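Please load the model in your viewer and keep the selection panel at hand. The tour below moves from one selection to the next and says what is found at each stop.

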Amino acid sequence: ALIIDDSCINCDMCEPECPNQAITMGEEIYEIDPELCTECVGHYEKPTCISVCPIDCIDPDPAHQESEDELLVKYHLITGKP
Ligand code: SF4
Ligand code: SF4
């Protein structure tokens, strides 16, 4: 999963772009639910939130490191797609 760091300016760009609805407004800044973030595996070539973020404040979450295969399993579980 990815994580948003505290330099987030709450610009609202990433939230509507997430294909897994993993991004929501937290207490102070936007947050990514690690249970729902597949790093866009299954949907896109690259994480789309990183592509749209104007200040580059989204990074790999060191507490939730997953392989491509694990992310793909998560994608199938979330979407129900084969
Ligand atoms: Fe959503 Fe993809 Fe960003 Fe994860 S990497 S939060 S799935 S847009
Ligand atoms: Fe924060 Fe970046 Fe998302 Fe904007 S696009 S809300 S700065 S994480």
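**A tour by selection**

The structure holds one salt bridge, a term used here for a side-chain nitrogen of Lys or Arg within 4 Å of a carboxyl oxygen of Asp or Glu. Before going to it, note that this is a predicted model, in which local features need pLDDT of at least 70 and side-chain atom pairs count only at pLDDT 80 or more, while totals for chains, interfaces and linings use all residues. Residues are numbered from 1 along each chain as its sequence is written, chains are lettered from A and ligands numbered from 1 in the order in which they are written, and side-chain values use heavy atoms, with hydrogens and water left out.

**Stop one: Glu-66 and Lys-74**

Select Glu-66 and Lys-74, which form the salt bridge, with their closest N and O atoms 2.7 Å apart. Glu-66 sits in the loop between β4 and α2 (68–79), where helices (H or I, at least four residues) and strands (E, at least two) are DSSP runs numbered from the N terminus. Glu-66 is partly exposed at 25% relative accessible area, whereas Lys-74 is buried at 12%; buried means under 20%, exposed over 50% and partly exposed in between, with a 1.4 Å probe and protein chains only.

Leaving aside neighbours within four places in sequence, Glu-66 is in contact (heavy atoms within 4.5 Å) with Ala-1, Glu-39, Leu-71 and Lys-74.

**Stop two: Thr-38**

Move to Thr-38, in the loop between β3 and α1, which is buried with a relative accessible area of 0%. The side chains of Thr-38 and Asn-20 are joined by a polar contact of 3.1 Å, that is, a pair of N or O atoms within 3.5 Å, of which, within protein, one must be able to donate a hydrogen and the other to accept it, residues adjacent in sequence counting only if both atoms are side-chain atoms. With neighbours within four places in sequence set aside, the contacts of Thr-38 include Asn-20, His-43 and Lys-74.

**Stop three: the two ligands**

Select ligand 1, which is surrounded by 13 residues, the closest being Cys-18, Asn-20, Cys-37, Cys-40 and Cys-49; a residue is near a molecule if one of its heavy atoms lies within 4 Å of it. Among these, Cys-18 is buried at 13% relative accessibility.

Next, show ligand 2, where 14 residues lie around the molecule and Cys-8, Ile-9, Cys-11, Cys-14 and Cys-53 come nearest.

How many disulfides are there, if a disulfide is a pair of cysteine sulfur atoms within 2.5 Å? The count comes to zero. Cys-57, for example, is in no disulfide, and its nearest cysteine sulfur, that of Cys-53, is 3.8 Å away. Cys-57 is also buried, with a relative accessible area of 2%.

**Stop four: two positive phi angles**

Most residues other than glycine have a negative phi. Select Cys-40, which has a positive phi of about 70° although it is not a glycine; Cys-40 lies in the loop between β3 (30–32) and α1 (48–52) and is buried at 7% relative accessible area.

End at Asp-56, likewise not a glycine and with a positive phi of about 55°. Asp-56 is found in the loop between α1 and β4 (58–60), and at 55% relative accessibility Asp-56 counts as exposed.

Note on methods: A disulfide is a pair of cysteine sulfur atoms within 2.5 Å.
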